[in-house]
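Please look over the model below with these notes beside it. The points are numbered so that each can be checked in turn.

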Amino acid sequence: MGVLMSRRQTVERVQKVSLAVSAFKDGLREQPSTRRRAEAGTTRQGTLEQEVQEGEEEASAGPSQPEESSASKAAWERLRDGRGVEPEEFDRANRFTPPAFIRPKRELHDDEPPDISLEQREQIVNDEMCEICEVWTAESLFPCRICPRVYHDGCLRRMGYLQKDSAVEVTETAHTETGWSCYYCDNLNLLLTEEEMYSLMETLKNCKIIPGACLTLDDFLHYKHQVHKQQFERTMPEAQEEQAALQFNALDPDKKGHIEWQDFLSHESIQLLQKIRPQNALLRLLTPKERERARAAFLALDQDNDGFIGEGECRQARHTWFRKHQKEMLSCNVSISHVGPISEGSPASSRNGKSPEKILPATKQEETSIDWPGFLRENVAYILAARPNSAALHLQPLA
């Protein structure tokens with residue numbers, strides 16, 4: 001049992017040491033005059049006046065900071081660290097310590113084309129132990145449909161990631177072809193590097209976007225107009241405004257009249273990735289499970305097995321396969337070590353259980369043909385945008 005509980009014990013020890021170090025630093029800060037006298041020795045003249053002046057500056061600076069600014073600053077810091085915006089009333093008592101998210105860093109070879117073969121299939125194997133507590137309990141673990149991590153529902157609750165209806169969703173979809181994304185993969189904002197996140201935060205601040213706030217259609221369009229004007233120094237064309245309105249509707253599938261903050265943040269994150277990173281760098285973000293799903297989709301559309309599909313079929317894939325799947329799939333009894341890729345004949349290979357072969361008639365002779373690498377490049381942004389569990393469509397495919 002000592003081995004199974006090693007991570008929890010390590011976290012507790014780190015927390016105790018951190019508390020002790022913080023208390024020691026606080027004690028040192030409480031005695032500035034003693035420290036100065038010990039260091040200065042004979043140069044004590046003027047020390048009292050300096051301390052009084054510093055105290056007056058701190059006292060004058062303190063009250064000028066309104067309470068709202070401190071709360072807003074904390075919200076921006078949580079956003080920067082990848083923890084999102086947490087409501088103040090959220091009770092984390094008796095919960096595990098939230099994970100410390102580490103933002104990725106760009107590598108020198110990221111812009112080079114990755115070797116993703118169509119013929120060489122990848123073996124999908126999930127982890128055997130819960131990501132949080134490192135305990136193995138076989139079929140009671142819930143696998144992520146994007147990465148190899150698996151979780152206990154109890155551990156997710158104690159982490160604060162399962163609340164109300166989300167617990168039912170995980171239970172119903174984790175072992176189906178629809179799948180469930182863990183809290184790492186569900187947050188597209190975690191794909192941004194520190195530099196990219198800083199750029200996004202500056203844009204949101206300049207446009208007066210408040211972290212955690214829902215956006216109406218007017219708010220969303222006003223934001224898009226501001227971003228376009230800052231980038232191109234001209235008014236956004238009417239056609240782009242119409243496209244932005246369509247994107248708003250895609251982010252508001254339940255027609256509530258507003259979009260949630262997390263959906264807006266995911267949308268802006270994937271938009272920024274498209275603008276800043278080349279497609280080769282985006283392709284390197286795909287996981288083995290996502291690559292296998294893409295292979296299954298391409299092979300199902302390639303009816304004559306010549307390695308090419310029509311441009312219309314590629315566009316149709318964006319509207320069907322790479323968008324948020326409906327929660328109407330039947331449960332399947334699959335081992336957690338092999339949940340991941342969707343085969344060509346599976347019920348989830350297209351909507352309503354139909355085969356992708358019937359999406360569009362074969363018209364490759366009448367239109368531009370696309371090979372496997374081109375199919376991946378054209379769809380990589382939509383594959384990434386399909387990661388969140390939300391029913392919102394975070395990247396509206398162009399018509």
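1. Tyrosine 183 is buried, because its relative accessibility is 11% and buried means under 20% relative accessible area, with exposed over 50% and partly exposed in between (1.4 Å probe, protein chains only). Tyrosine 184 has a relative accessible area of 23%, so it is partly exposed.

2. This is a predicted model, in which local features need pLDDT of at least 70 and side-chain atom pairs count only at pLDDT 80 or more, while totals for chains, interfaces and linings use all residues. Residues are numbered from 1 along each chain as its sequence is written, and side-chain values use heavy atoms, leaving out hydrogens and water.

3. Rings of Phe, Tyr and Trp (its six-membered ring) pair if their centres lie within 6.5 Å; planes under 30 degrees apart are stacked, over 60 edge-to-face, and the rest tilted. By this rule there are ten aromatic pairs. One of them joins tyrosine 183 and tyrosine 184, a tilted pair with 4.8 Å from centre to centre and 35° between the planes.

4. Phenylalanine 220 and phenylalanine 248 also form a tilted pair, at 5.9 Å centre to centre and 50° between the planes. This pair links distant parts of the chain, 28 residues apart: phenylalanine 220 is in helix α8 (residues 217-232) and phenylalanine 248 in helix α9 (residues 238-251). Helices (H or I, at least four residues) are DSSP runs, as are strands (E, at least two), numbered from the N terminus. Phenylalanine 220 is buried, with a relative accessible area of 0%, and phenylalanine 248 is buried at 4%.

5. How do helices α7 and α10 pack? Helix α7 (residues 194-206) and helix α10 (residues 261-276) meet at an angle of about 120°, with axes 11 Å apart. Axes are lines fitted to C-alpha atoms, for helices over the stretch in contact, and angles run from 0 to 180 degrees between N-to-C directions. The angle makes α7 oblique to α10; under 35 degrees counts as roughly parallel, over 145 as roughly antiparallel, 65 to 115 as roughly perpendicular and the rest as oblique.

6. Asparagine 189 lies in the loop between α6 (165-173) and α7. Asparagine 189 is buried because its relative accessibility is 1%. Asparagine 189 and serine 269 are 80 residues apart in sequence, yet 5.4 Å apart in space, C-alpha to C-alpha.
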